[in-house]
Amino acid sequence: MNVIEVVKHIVVKHYPRDHLALAGVLFVMLFVVFLVPSHGSLQPIQTVSDKAIQATSFPEQLTHATEIQKDSPTLSPAATIASASPLSPATASPATEPTASEHTVALRDIVTSEADLQAAQPWQNVEVQSGDNLSAIFTKVGLSDGDLFRVLNSNDEAKVLNRLYPGYQLSFNIPQPGQLQQLEVLKSPLEGYLFTRNESGYNVDMIARDAEVREAFKSGTIVDNLFMAGQQQQIPTATIIEMATIFGGVIDFILDPRAGDNFSILYEETYLDDTYVGTGEILAAQFTNQGRQYIAVRYINEAGEAGYYNPEGESMRKAFLRSPLDVFRISSNFNPSRRHPILNTIRAHKGTDYAAANGTPIRATSDGRVTFAARNGSFGKLVVLKHNGGIETKYAHLSDYGRGLRKGSRVRQGDIIGYVGATGGATGPHLHYEFLLNGVHQNPRTVLDRLPQAVSLEASEMDRFRSATADLVVRFQGEQPTLLTLNQPTAH
């Protein structure tokens, strides 16, 4: 009896019939492994697309996968995983490693849809910086002026490319050198345009994304200044400036704030896919200055106009701002008998000097008309505004004028009319501000208390106003607003 017959006798005698099939399969597999010779090579995988990813040996692929993640971060997850997966040890002979040219993995074997194919194409992202121009940006990503010309002349909406501003995000989809397939232009994370190549040029589609709006509540106490207090509480600078503007008719944020003053703000934050993208409107705010509390709430009237009002329905927008700058220190107060720093003589200083960096924007303190905008002796570059009620304001020593500002121009409260400078008889960069009533100089810090205040809401709208704002007013009244119980978003 030979070996095979002995094995057959033992198996048949000691194992049930239904196990015999399995034993047969195992026998065949052992026969193939031991008796079929290995040729040390593999046949290339059949490709179904001319766009393919090269598959290399295990050590080479790890290096290749790292390069893909570093140089092409926009590959789809499926393509990235596939490129990082080594060949199975069972498919490669240890004696002869396959070369990159022998084996390819078809892209369509990895990416299962046209959307994934598009996502797998390489994108180049560019953020527009100050001084950039479109031609230089196209050159930077490997495109020619001809490519730029075709995009600009493809559609009327392509004119948005002629008005790029710092911060805009441009994303170029260039699957092959010199071939622009798509161009995404984001003015903000929520708004932009997508250019997609077609037979004759490019289609242009608008991008409009809806953001999630969340309420954020922050409060702080002034130790050094308002800005530092805001930064300590991680309040966006733009929100602090907006709060100062809201209270700008009742508080001079240059002279009035004191250490120990406190404030609180309820404002909107916008999120896109749980990512913070910016701030929205201030819904309500309170500022306690030297023991006196001011409250402002946002209200949209029946005509659809939004504004800020105190709890009594009086508009926070006064006839005049108390300061033509945002938050800067005062270098010289109104003094009718001070010694002039250059002439060393007693000369009335009929105004207030605001020390600030050269180029700091200057705001019109009220609506008015420009009656003078030119050089004027020791005033240097001077702007004079005429307001209702026989009031005139002057802004001197400017380094430059606001855009388009000229004699006869109409301006609104808060408009930029010029920039701080040191022209004329100035010892350093600062703004000299004067306030005249019927031709007589007034102390701009005290005269506003004698002027008419802003108009209140109509009596017919007060019930609607109280109903819409009662909850906010109650929460902000008192030293500890109950809004502190709101869920505060995490820092970003």
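Trainee: Which residues of H11 are buried?
Mentor: Keep in mind that this is a predicted model. In H11, the buried ones are Met-462, Phe-465, Thr-469, Leu-472, Val-473 and Phe-476.

Trainee: And what do the buried residues of H11 pack against?
Mentor: They pack against five strands: S8 (212–221), S9 (262–272), S10 (275–289), S11 (292–300) and S12 (306–309).

Trainee: Where does H11 bend?
Mentor: At Thr-469, by about 55°. Thr-469 is also one of the buried residues of this helix.

Trainee: OK, on to the sheet. In what order do the five strands come?
Mentor: The order is S8-S9-S10-S11-S12, with antiparallel pairing, and the sheet is open. S8 and S12 have a single partner strand each, so one side of each has no neighbour in the sheet. From one strand to the next, the twist averages 25°.

Trainee: How many bridges join S10 to S11?
Mentor: Six, and the two strands run antiparallel. If you want a spot to look at, find Ala-285, which stands opposite Ala-296 in S11.

Trainee: Which strands does helix H10 lie across?
Mentor: H10, residues 237–246, lies across S9, S10, S11 and S12, and runs at about 35° to S10. H11 packs on the sheet too, and its direction makes about 140° with that of S11.

Trainee: Changing topic: how many salt bridges does the structure hold?
Mentor: Twelve. In one of them, the side chains of Asp-274 and Arg-214 meet at 2.7 Å, N to O. Asp-274 sits in the loop between S9 and S10 while Arg-214 is in strand S8, so this pair ties together parts 60 residues apart in sequence.

Trainee: Is Asp-274 buried or exposed?
Mentor: Exposed, because its relative accessibility is 62% and the cut-off for exposed is over 50%. Arg-214 counts as partly exposed, at 27%.

Trainee: What does Arg-298 form a salt bridge with?
Mentor: With Glu-281, the closest N and O atoms being 3.8 Å apart. Arg-298 is in strand S11 and Glu-281 in strand S10, so the pair links parts that are 17 residues apart in sequence.

Trainee: Last one! Which residues are buried in helix H8?
Mentor: Asp-147, Leu-148 and Val-151. Looking down the axis of H8, they fall within an arc of 100°, so they line one face of the helix. Asp-145 and Phe-149, on the other side, are exposed.

Key. Residues are numbered from 1 along each chain as its sequence is written. This is a predicted model: local features need pLDDT of at least 70, side-chain atom pairs count only at pLDDT 80 or more; totals for chains, interfaces and linings use all residues. Side-chain values use heavy atoms; hydrogens and water are left out. The bend at a residue is the angle between axes fitted to the seven residues ending there and the seven starting there. Helices (H or I, at least four residues) and strands (E, at least two) are DSSP runs, numbered from the N terminus. Buried means under 20% relative accessible area, exposed over 50%, partly exposed in between (1.4 Å probe, protein chains only). Contact means heavy atoms within 4.5 Å. Two strands pair if DSSP finds at least two bridges between them. Axes are lines fitted to C-alpha atoms, for helices over the stretch in contact, and angles run from 0 to 180 degrees between N-to-C directions. The arc is that of the directions from the helix axis to the C-beta atoms. A salt bridge is a side-chain nitrogen of Lys or Arg within 4 Å of a carboxyl oxygen of Asp or Glu.
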